[in-house]
Amino acid sequence: AWLEARLRRAAAAVGWAGGLRRAERRARLEQRVEDYNALQKSKGTFHRAVLVLPLTPEFDPPRGQPGHGRVQFSDRVSASRSVGAELTRRG
C-alpha cells in the first residue's frame, strides 16, 4: 500500500496518473483471467478465457524481450498445453 501510494503521487506529479490507472486496470484484468483459467484447470475442464490484444505499439514488448519492435509481424501465441490438445482433438 505504501509503495502504491508513492507511485500514484509520483505519476500524478509528472502527469502519468491516467496511464498508471489504465495499466492497473489491465493488470487486474489479466490476473482475473489467470485466476479463472487456473480454477478451470483445477476442475479438469477445457474452459479457458483468452485475452486478445490489438496489434498496436502500445502493446509492444519492452526492449530486450522477444518480439520487441515486431508486434505487427509476430507469430507468437501463448496458450496452455491443454488448449492446444483440445483444439487438435476437435480439428
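Trp 2 lies in helix α1; helices here are DSSP runs of H or I with at least four residues, strands are runs of E with at least two, and both are numbered from the N terminus. The model is predicted, so local features need pLDDT of at least 70 and side-chain atom pairs count only at pLDDT 80 or more, while totals for chains, interfaces and linings use all residues. Residues are numbered from 1 along each chain as its sequence is written, and side-chain values use heavy atoms, with hydrogens and water left out.

Trp 2 counts as exposed because its relative accessibility is 62%. The classes are buried (under 20% relative accessible area), exposed (over 50%) and partly exposed (in between), with a 1.4 Å probe and protein chains only. Trp 2 also belongs to a nonpolar surface patch with Leu 3, Leu 7 and Leu 20. A patch takes residues with over 30% relative accessible area and no salt bridge; like charges are joined within 9 Å, and nonpolar side chains (Val, Leu, Ile, Met, Phe, Trp, Tyr) within 5 Å. Helix α1 (residues 2–13) supplies the largest share of the patch, three residues.

The overall architecture is helical. The protein has three helices and zero strands. Its pattern along the sequence is α-α-α. Of its 91 residues, 9% count as buried. The accessible surface comes to about 8,000 Å², and carbon and sulfur atoms account for 57% of that area. Contacts (heavy atoms within 4.5 Å) were also sorted by sequence separation. Among those between residues at least 6 apart in sequence, 17% join residues at least 24 apart.

The average for the protein is 76, and 78% of the residues score at least 70. Helix α2 (residues 17–42) has the highest confidence, at 84, and helix α3 (residues 81–90) the lowest, at a mean of 74.

Helix α2 holds several residues of interest. Arg 21 is found in this helix. Arg 21 is partly exposed because its relative accessible area is 44%. Its C-alpha atom is 9.7 Å from that of Ala 11, 10 residues away along the chain.

One salt bridge is found in a search of the whole structure. The criterion is a side-chain nitrogen of Lys or Arg within 4 Å of a carboxyl oxygen of Asp or Glu. Glu 24 pairs with Arg 28, with the closest N and O atoms 3.1 Å apart. The two residues are four apart in helix α2, so about one helical turn separates them. Glu 24 is partly exposed, at 21% relative accessibility.

Further along, Asn 37 is also in helix α2. Asn 37 counts as buried because its relative accessibility is 15%. Beyond its neighbours within four places in sequence, Asn 37 is in contact with Arg 48 and Ala 49. Gln 40 is found in helix α2 as well. Gln 40 counts as buried, at 8% relative accessibility. With neighbours within four places in sequence left aside, Gln 40 is in contact with Thr 45, His 47 and Arg 48.

Helix α3 contains Glu 86. Glu 86 counts as buried because its relative accessibility is 9%. Phe 46 is 40 residues from Glu 86 in sequence, with a C-alpha to C-alpha distance of 7.3 Å.

Terms used. Areas by Shrake-Rupley, 256 points an atom, 1.4 Å probe, with all protein chains shown as cover. pLDDT = per-residue confidence, 0-100.
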